[in-house]
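Hi everyone, thanks for coming.

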Amino acid sequence: MARILMLTPQLPVPPQALTGTAQGTTIRNFNLIAGLAARHTVDLVSFVAEETPAASLPAELTRCCRRIITVPQPVRATRQRIRDTFLSPLPDMALRLASPAMHAQLDRLLAGQAAAEYDVVQIEGIEMAGYMPRRTGRAAPRLVFDDHNAEYVLQRRACLTDARRPPRWPAAAYSLIQWRKLVGYERRVCREADRVVAVSEADAAALRRLLPGLDVAVVPNGV
């Protein structure tokens with residue numbers, strides 16, 4: 001039995017609790033947790049859109065997790081996003097959920113001897129990759145990065161599609177910048193992880209083009 005700390009960009013509530021348009025990431029993350037909890041101990045740290053009292057967490061999720069810690073989702077101003085697009089070497093997706101509160105929470109969970117409590121830290125999605133802990137010795141947990149999509153491919157596709165329509169050229173320029181930034185960032189994150197997961201063989205192949213020889217485990221969306 002492994003002890004797993006899972007990091008998610010939004011609370012992975014059960015699919016039946018969702019209203020409106022279903023969120024694929026949320027459904028995938030909930031079912032990954034439910035599957036892992038059948039054989040392992042899972043702690044969850046997640047962003048939430050607003051303060052969520054423990055008593056209001058979905059029972060299906062609390063039954064799967066030994067502990068659930070929530071952190072308020074940060075808000076980035078449009079002005080900040082525009083500035084970062086031109087001045088930051090990081091892609092927009094890497095900055096979208098930048099939060100001192102989340103860093104502080106993870107520091108408490110993974111600092112020093114506390115890190116030995118976990119065998120695995122599993123990062124769900126590239127928006128959470130900035131919270132991948134640094135290795136601090138033999139007791140450091142192994143790092144699993146679930147990339148959900150090969151994000152640089154999506155930005156390349158958006159750029160090439162918008163470039164065909166002059167009214168969409170500003171959007172194409174944005175996607176071009178993000179595509180080029182994501183190539184380096186996604187490659188670095190995959191290199192630092194002990195294990196990389198993709199949802200399809202096509203995504204796995206795209207990640208191997210970034211990092212030849214990368215061993216990618218394909219875990220498809222089965223729900």
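Helices α6 and α8 are roughly perpendicular to each other (angles of 65 to 115 degrees count as that). Their angle is about 95°, and their axes lie 9 Å apart. Those axes are lines fitted to C-alpha atoms over the stretch in contact, and the angles run from 0 to 180 degrees between N-to-C directions. Helix α6 covers residues 151-162 and α8 covers residues 201-210; helices here are DSSP runs of H or I with at least four residues, strands are E runs of at least two, and both are numbered from the N terminus.

A quick word on where this comes from: this is a predicted model, in which local features need pLDDT of at least 70 and side-chain atom pairs count only at pLDDT 80 or more, while totals for chains, interfaces and linings use all residues. Residues are numbered from 1 along each chain as its sequence is written, and side-chain values use heavy atoms, leaving out hydrogens and water.

So which residues make the contact of α6 and α8? From α6 we have Y152, V153 and R156, and from α8 we have A206, R209 and L210, where contact means heavy atoms within 4.5 Å. By class, that contact has four nonpolar, no polar and two charged residues. Ala, Val, Leu, Ile, Met, Phe, Trp, Tyr, Cys and Pro count as nonpolar, Asp, Glu, Lys and Arg as charged, and the others, Gly among them, as polar.

Let's zoom in on A206. Is A206 buried or exposed? A206 is buried, at a relative accessible area of 2%; buried means under 20%, exposed over 50%, and partly exposed in between, with a 1.4 Å probe and protein chains only. Leaving aside residues up to four places away in sequence, A206 touches A150, Y152 and V153. A206 and N149 are 57 residues apart in sequence, yet their C-alpha atoms are 9.4 Å apart in space.

Now the rest of α8. D203, A204, A206, L207 and L210 are its buried residues. Seen down the axis of α8, they fall within an arc of 160°, so they line one face of the helix; the arc is that of the directions from the helix axis to the C-beta atoms. Here is a handy rule: an α-helix has 3.6 residues a turn, so residues three or four places apart point the same way. On the other side of α8, E201, A202 and R209 are exposed. And what do the buried residues of α8 pack against? They pack against α6, α7, β6 (195-198) and β7 (216-218).

Notes: Parallel < 35°, antiparallel > 145°, perpendicular 65-115°, else oblique.
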